[in-house]
Amino acid sequence: PWAMLLHSGHADHPHNRFDILVADPLTTLTTQGDITYQAGRASQGDPLELLQQALDTCGLHAEPTNDLPFQGGALGLFGYDLG
């Protein structure tokens, strides 16, 4: 569930050799209007602050690696209506 693919599309940048596939996230946040839902709970807080809180709760601490552009964290879709 919640699978996503980030395809580099052969762009002209140093990390264009990477495609990233993710699925089955630890948690999901879905915002509709001014309400953000996570694990059945609704909140009217800032969606980006709620995202940071969710990341902090997960306890993921990847060490920076110059060879890998993404090692976990938040991945998602944001529409203009979020603003």
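Helix α1 gives the largest share of the lining of the largest pocket, six residues. Helices (H or I, at least four residues) and strands (E, at least two) are DSSP runs, numbered from the N terminus. The model is predicted: local features need pLDDT of at least 70, side-chain atom pairs count only at pLDDT 80 or more, and totals for chains, interfaces and linings use all residues. Residues are numbered from 1 along each chain as its sequence is written, and side-chain values use heavy atoms, without hydrogens and water.

**The largest pocket**
- The largest pocket holds about 890 Å³ of space.
- Its lining has 33 residues, and Thr28, Leu29, Leu75, Gly76 and Leu77 are the closest to its centre.
- A pocket is an open set of points on a 1 Å grid where a 1.4 Å probe fits, with protein on both sides within 12 Å along at least five of seven lines; lining residues have an atom within 4 Å of a point.
- A volume is the space filled by probe spheres set on the points, which are joined across faces, edges and corners.
- Both β3 (30-32) and α1 (47-58) supply at least two lining residues.

**The fold**

**Overall shape**
- The C-alpha trace spans about 40 × 30 × 25 Å along its principal axes.
- Of the 83 residues, 11% count as buried (under 20% relative accessible area, with a 1.4 Å probe and protein chains only).
- Among contacts (heavy atoms within 4.5 Å) between residues at least 6 apart in sequence, 32% join residues at least 24 apart.

Conventions: Buried means under 20% relative accessible area, exposed over 50%, partly exposed in between (1.4 Å probe, protein chains only).
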